[in-house]
Amino acid sequence: MVRLTINGKTHNVDVDPNTPLLWVIREQIGLTGTKYGCGIAQCGACTVHVNGAPMRSCMLPVSTVVGQKITTIEGLASGKTLHRVQQAWIAHDVPQCGYCQSGMIMAAAALLASKPKPTDADIDAAITNICRCGTFQEVRTAIHAAAKATKA
Amino acid sequence: MNRRSFIVSSAAVTGGLAVGFNPFQTNIVRAQDGSPELTAWVVIQPNDTVIIRMARSEMGQGTITGLAQMVAEELECDWNKVTYEYPTPGTSLKRKRVWGDFSTGGSRGIRTSHDYVRLGGATARVMLVQAAANQWKVPASECVAANSVITHKASGRKTTYGKVAEAAARLEPPKDVKLKDPKEWKLIGKPVKRLDTVDKVNGKQVYGFDLKLPGMLNAAIKDCPVFGGKVKSFDAGRVTSMKGVKKVVPVGDSAVAVVAETWWQAKTALDALPIQWDEGPNAKVSQESILATLKEGLGASQAFVGNQNGDVKAGFAKATKTVEATYFYPFLNHAPMEPMNASARYTPDRCEVWVPTQDGEASFAALLAASGLPADKCEVYKINLGGGFGRRGAFQDYVTQAVIIAKQMPGVPVKLLWTREEDMLHGHYHPIMMAKLTGGLDASGNLVGLHVRLSGQSILAAVRPHIVEQQKGRDPLTFQGLADTGEHSFGYSIPNLLIDHAMRNTHVPPGFWRGVNINQNAVFMECFMDELAQAAGQDELEFRRKNMQGLPRNLGVLNAVAERIGWSKPAKPGIYRGLAQMKAFNSFVAAACEISVQDGNKVKVHRIVAATDPGYAVNPAQIERQVSGSFVYGLSALFMQENTVKDGRIVEDNFHTFPSMRISQMPKVETIIIANGGGIWGGIGEPTICVAAPAVMNAFFKATGKRLRDVPLKNQGIELV
């Protein structure tokens, strides 16, 4: 049994401790917003927050995150109020196919948590997710817009 | 809860028919919730919600929003009450393909269905107005419809679409409905927001990969890594006792799948499964042997002609200078973010498939063939796609596999998901192509002859062989952007022209990859135009203009980007510019870029100005996103991607060896849209992709004096920074 705290809820799951966190989130917990894209921590579609830090969950053995605070895209909003990154994403019509966007949004939210007013260079360094539709121009605009919406 | 995706995903997930004949009332076709259908495209609920039904697939390109705009324009409904759903292919077949073509590729979604979907909206509007007029016992001509409200002008009486939809659905659809003049459009041409965004930011959108069905099992698969190879044997006993494993099954003669409770268990067991392959004769093929075949084609005496005028030999005889160059464009995997997948449930009485597909009818055909059941016992439910780019249309290999697996576990729904590695090794790749271009310049620097010899793979020979047969062996698609006529006609007026193709097919399956053959043809042609201009000692823009007689729309987009980039004025120090233009998918496209180069190999693309003239621009905001997004796909290929062959198989198996652009490498993209109507509709999703690469290659020459002719540029030590 592995004890996990995901989006504020505690789960006891019967799973091989080497199973990557991504697959536990999807297949045992049943939250499918976090995606598989490569399985080698390249693309970032599987990005979640572990104690607030963005982590690629596809290579992270579930045993290493026991007792830590895990947040997925489903837990990013506060109740019915979407996170300001999600709001900016809607206002700027960012997603195309949308498949990579959960990971992209989690990376952006973590960036704003550590740097409330990121520069373009900060965005370049922090957002390393792959998007094959090519939403980068809108992603950049929306991150700046979300930063402006942050109360200083 | 987002209403729009609820409707789409609930229809998909419950497996219920999105539409069906109403069992308790004749003459009216009803949606699943009982609301009446006015035309195949329009269902109206009592609360005025308009459900627009579209056969084309949304995969990020915005086609559903654009198509809905067109229906809503003619319907005169309240845009805020519009939602959409997909009809199923089986239902469409039963209704004599009332929704038309399901195929979503070739940038055709809007440009080849705009007429009938607008008619579907207009016809429904006329029926709604007539129903209101009947109720009021007044002539319909005295009533007007706007924003889902019908008003009798004389009396001021009003009613809503929801209130009269039931009565309207009983009316005979009128035959002679007139469409609006484009001048009257209010919603078409507006940059309205997409209909499908909310669930993409909160994790709720259900992709094929996310589908859950009661009792569902999960499958992982390995196909023989050498194309054309087979399974010799596998030792299922070694993994059947592993946790969660339910069954190990052969899939056709070339693949093996493990079915387990979870996909991770299936994948873990598959990795542990000993499989012996019979790799067959293709295991001897290498990148070198393929390249040698293509090189031989460059000088071959037999070639299929794609475009010809004048006499190229006579033209060369007049030349005082001859320029010659050889270019190369590689195999490329589509690599959509969501790996291939499909779910299937089979019993001898019914087989159903849930699949992210660019072509529901192609999925249906694959299901019929693999299940062996008649059409009335089969159905396909389309689910959202995590990208397509051409991989999920003509090619339905994952559907075939899912059905074959499900047949071996009757009654149990099975979801098949490929690993990224499986996806990389079993693609339908961008065709590999070389080109040798020869141009003759006279003493005044006029281009007096041009021969473009293409040598390489034909997509249609592999995918649509009947077309190649009709053309006596020729693949007309090879000449996209270079053709003598049609939606991919050549953008220059060169006297003494010959463009031909030595078809050199390989065992690597080719496919339609976003932009298809314009990707390489634009690189070949537009880089060579710069080479010719430079040999003639002329400005690259002026040289092009001289060779674009009678091509006003090609010239229009070229001039637009040249003006916006400031071609006539010098660039800032350290900044270098390049240009390119082409006609593709019936749209005219051009790009001008600004780059800088450090240490001779680190390229920063600062800015790309791109012009697209599709005739009609349904949603300018989505066009901008398609243009800038396509450059991510196109420049990733230009700089850093290729698939190569070793021992008959693809070498690059994931994003570490097949990298894709990141945000730090993204140039600023400025989109110019030219939409002057004229009755011909051009595509959007693909055309513009092709002009970015040659524009950047041309700018690189300006910066360094080094001419790049081989894609990808990483093989010459060049990086995108």
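Domain bounds, as I use them here, come from an automatic or database domain assignment. The model is predicted: local features need pLDDT of at least 70, side-chain atom pairs count only at pLDDT 80 or more, and totals for chains, interfaces and linings use all residues. I number residues from 1 along each chain as its sequence is written, and chains are lettered from A and ligands numbered from 1 in the order in which they are written.

**Entry 1. Domains of chain B**

I looked up the division of chain B and found domain 1 (3-185) and domain 2 (299-332 + 429-720). The C-alpha centres of domain 1 of chain B and domain 2 of chain B are 41 Å apart. I then asked how many residues of domain 1 of chain B are in contact with domain 2 of chain B. Helix α2 (residues 63-75) of chain B supplies four residues, the largest share of the side of domain 1 that touches domain 2. Helices (H or I, at least four residues) and strands (E, at least two) are DSSP runs, numbered from the N terminus. I sorted that side of domain 1 of chain B into three nonpolar, nine polar and two charged residues. In this sorting Ala, Val, Leu, Ile, Met, Phe, Trp, Tyr, Cys and Pro count as nonpolar, Asp, Glu, Lys and Arg as charged, and the others, Gly among them, as polar.

**Entry 2. Confidence**

I read pLDDT as the predictor's confidence in each residue, from 0 to 100. Chain B has a mean pLDDT of 95, with 96% of its residues at 70 or more. Over residues 1-26 of chain B, pLDDT stays under 50, and the model has 48 contacts beyond four places in sequence for them. For the complex I noted an ipTM of 0.98 and a pTM of 0.95 from the predictor.

**Entry 3. Chain B as a whole**

I recorded 19 helices and 30 strands in chain B. Its radius of gyration is 27 Å, which agrees with the value near 27 Å for a compact globule of 721 residues; the radius is taken over C-alpha atoms, and the globule rule is 2.2 Å times the number of residues to the power 0.38. Along the principal axes, the C-alpha atoms of chain B fill a box of roughly 80 × 80 × 50 Å. Of the 721 residues of chain B, 58% count as buried, that is, with 20 or more other C-beta atoms, placed from the backbone, within 10 Å of their own. Helix α11 (residues 397-407) of chain B is mostly covered, with nine of its 11 residues buried; among them are B:Tyr398, B:Gln401 and B:Ile405.

**Entry 4. Chain A**

Chain A holds five helices and five strands, in the order β-β-α-β-β-β-α-α-α-α from the N terminus. The radius of gyration of chain A is 15 Å, close to the 15 Å of the globule rule for 152 residues, so chain A is as compact as a globular protein of that length. I found 59% of the 152 residues of chain A to be buried.

Terms used. Contact = placed C-beta atoms within 7 Å. Buried ≥ 20, exposed ≤ 12 C-beta atoms within 10 Å, placed from the backbone.
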